[in-house]
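Here is a friendly walk through one protein model, a piece at a time. Keep the picture open as you read.

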Amino acid sequence: MPSIPSIQRPSLALLGTEPLRAALEFASHRAFTPAAGAATGDGHPVVIFPGLGTDGHAVAPLRRHCQALGYAALDWGRGFNRGPQGDVDTWLADLQAHVTALLSSFDQRATFIGWSLGGIYARELSKTMRPLVRQVITLGTPFNAGADHTHAAWVFRLLNGGAPPLSAAWTARLRRPPAVPTTSIYSRSDGVVAWQTCRHAVQSPRVQDVEVSGSHIGLGWNRAVLGIVGDRLAQVPGQWRRYAPDARGTTPR
């Protein structure tokens, strides 16, 4: 994998075509529904964290898909995602208390799914909530980088009036994978974050990076992504297996 300093933000051409490509993916997704009898999920809770500058509406297609498969898909319940406010550890501790309350009525461990910045929340919370979490799935989440490797930093500045609170210690912390099975889904045609930053520097039996073709904005309803998510959710706790390529054209790293 190339060193982080050599990684560049996606081209402005890719960024500029994001809305159109996402719209085409959405139109394709509208014709995609789980096959008859596919609702065989075990009903375990799935908490979905939206990306920066979005809320539960942006990941509603993904939430509905998980529900149709037979899982208790939950919105993160914090509304519009402006990013961490104030001290990051204090903010995450508050989010952890909130998510713990969301899961209090469930007996089974949860899957955390996060899109973009939401994937950072999913990964970091799973590190401190391990007894409550069975696995993590991230979509276009740049955990192996700094703010300079995405086009999202300006959105954070617009919403908060300052740069993202990323120190060297925090950057190193984000790169460490959770202690639960973790799947990072990414696209080389992502126009918002550098795709290299969505891959783990070191692979392990419980970590996998899976490549799809698509935009960043459309990852929450990309048909290939929905198929991978369904496969991951069906993994039996304690028997997690790496995702294998199939006719959808997805490519595990």
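Strand S6 (residues 207-212) is mostly covered, with 6 of its 6 residues buried. Here, buried means under 20% relative accessible area, while exposed means over 50% and partly exposed lies in between (1.4 Å probe, protein chains only). Helices (H or I, at least four residues) and strands (E, at least two) are DSSP runs, numbered from the N terminus. In a regular strand the side chains alternate between the two faces of the sheet. Both faces of S6 are covered: Val 207, Asp 209 and Glu 211 are buried on one side, and Gln 208, Val 210 and Val 212 are buried on the other.

Strand S5 (residues 182-187) pairs with S6 in the parallel sense, over 6 bridges. Two strands pair if DSSP finds at least two bridges between them. Ser 187 stands opposite Val 212 in S6.

## How the model was made and read

This is a predicted model, in which local features need pLDDT of at least 70 and side-chain atom pairs count only at pLDDT 80 or more, while totals for chains, interfaces and linings use all residues. Residues are numbered from 1 along each chain as its sequence is written, and side-chain values use heavy atoms, with hydrogens and water left out.

The pLDDT is the predictor's confidence in each residue, from 0 to 100. Its mean over the protein is 86, and 83% of the residues reach 70 or more. Over residues 156-161 the pLDDT is below 50, and this stretch has 18 contacts (heavy atoms within 4.5 Å) beyond near neighbours in sequence.

Strand S3 (residues 110-115) is largely enclosed by the rest of the structure, because 6 of its 6 residues are buried. Ala 110, Phe 112 and Gly 114 are buried on one side, and Thr 111, Ile 113 and Trp 115 on the other.

Strand S1 (residues 45-49) runs parallel to S3, joined by 4 bridges, and Val 47 stands opposite Phe 112 in S3. S3 also pairs with strand S4 (residues 133-139) in the parallel sense, over 6 bridges. In S4, Thr 138 is the bridge partner of Gly 114.

## Helix H4

Which residues of H4 are buried? They are Val 88, Trp 91, Leu 92, Leu 95 and Val 99. Seen down the axis of H4, these buried residues fall within an arc of 95° (taken from the directions from the helix axis to the C-beta atoms), so they line one face of the helix. An α-helix has 3.6 residues a turn, so residues three or four places apart point the same way.
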